[in-house]
Amino acid sequence: MAKQRRVFNPKTFLSTVGVGREMMSFRKGQIIFAQGDASGAVFVIQSGNVRLSAKTKGGKGITFAILRDEDFVGEESIAGETIRTASANALTDCLLLRIASQAMLRGLAREVTLLKLFCFYVLARNIRYQEDLLDQRSNFSEKRLARFLLRHSHFDGQSSPEVTMMKINHEILAEMVGTTRSRVCFFMKRFKDAGYIDYSLRNPQLRVRRSLLAFYSR
């Protein structure tokens, strides 16, 4: 009788330890890897938020992504990049699964379901980056900030009247939006006064309301 092949679950592979896979904890503010480090693994976020940033030749820091549960971090190592092209640090306490590049490549070569999941993820992220670039060229910074808040809170306009997300400091928001910290402070106060969002200095959470979607769409 032929031995039945085990059923491979890509989500299990991306959330459990095994050969070439280890679980790692990072405290808030801790560096996961730095731009210029050797690249030998990809990470999968199990919990928490991770900031991706890079420095230009002039030394200016740019935040270009804030990642969360189930996102990949450092996937350029799978494409053969030997040096990290960006820095990743924990915005909150995080739990990440570190997968050695060779272990990930073996999984992608052997398991079609894992390959499809990874390809769809990379394509979706590339589309998002293209949308961000278009947003930078076609919208004022106030609308870019509104779009970021809506996207980061995963607000699709069909859910409850408001969604809660982690509060992000204004300096990072300014880097994401491509404006100054003072402008972000001004826009956030305007959004709050208009009832689009709600937050307090003591509360680490920010509430995004459906009405912000209407503001961004107009």
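Q: How many bridges join β4 to β5?
A: Strand β4 (residues 50–55) is joined to strand β5 (residues 61–67) by 6 bridges, and the two run antiparallel. Strands pair if DSSP finds at least two bridges between them; strands are DSSP runs (E, at least two residues) and helices are runs of H or I with at least four, numbered from the N terminus. This is a predicted model, in which local features need pLDDT of at least 70, side-chain atom pairs count only at pLDDT 80 or more, and totals for chains, interfaces and linings use all residues. Residues are numbered from 1 along each chain as its sequence is written, and side-chain values use heavy atoms, with hydrogens and water left out.

Q: Which residue is the bridge partner of Arg51 in β5?
A: The partner of Arg51 is Ile66.

Q: What about the hairpin of β4 and β5?
A: The hairpin has 5 residues between the strands, and Gly59 takes a positive phi near 90 degrees.

Q: Where else does β4 pair?
A: β4 also pairs with strand β7 (residues 87–90), in the antiparallel sense over 4 bridges. There, Leu52 has Ala88 as its bridge partner.

Q: Turning to helices, at what angle do α4 and α6 pack?
A: Helix α4 (residues 141–152) and helix α6 (residues 181–194) pack at about 65 degrees, with axes 10 Å apart. Axes are lines fitted to C-alpha atoms, for helices over the stretch in contact, and angles run from 0 to 180 degrees between N-to-C directions. The two helices are therefore roughly perpendicular (65 to 115 degrees).

Note on methods:
Parallel < 35°, antiparallel > 145°, perpendicular 65-115°, else oblique. Buried < 20%, exposed > 50% of the residue type's maximum accessible area, 1.4 Å probe, protein only.
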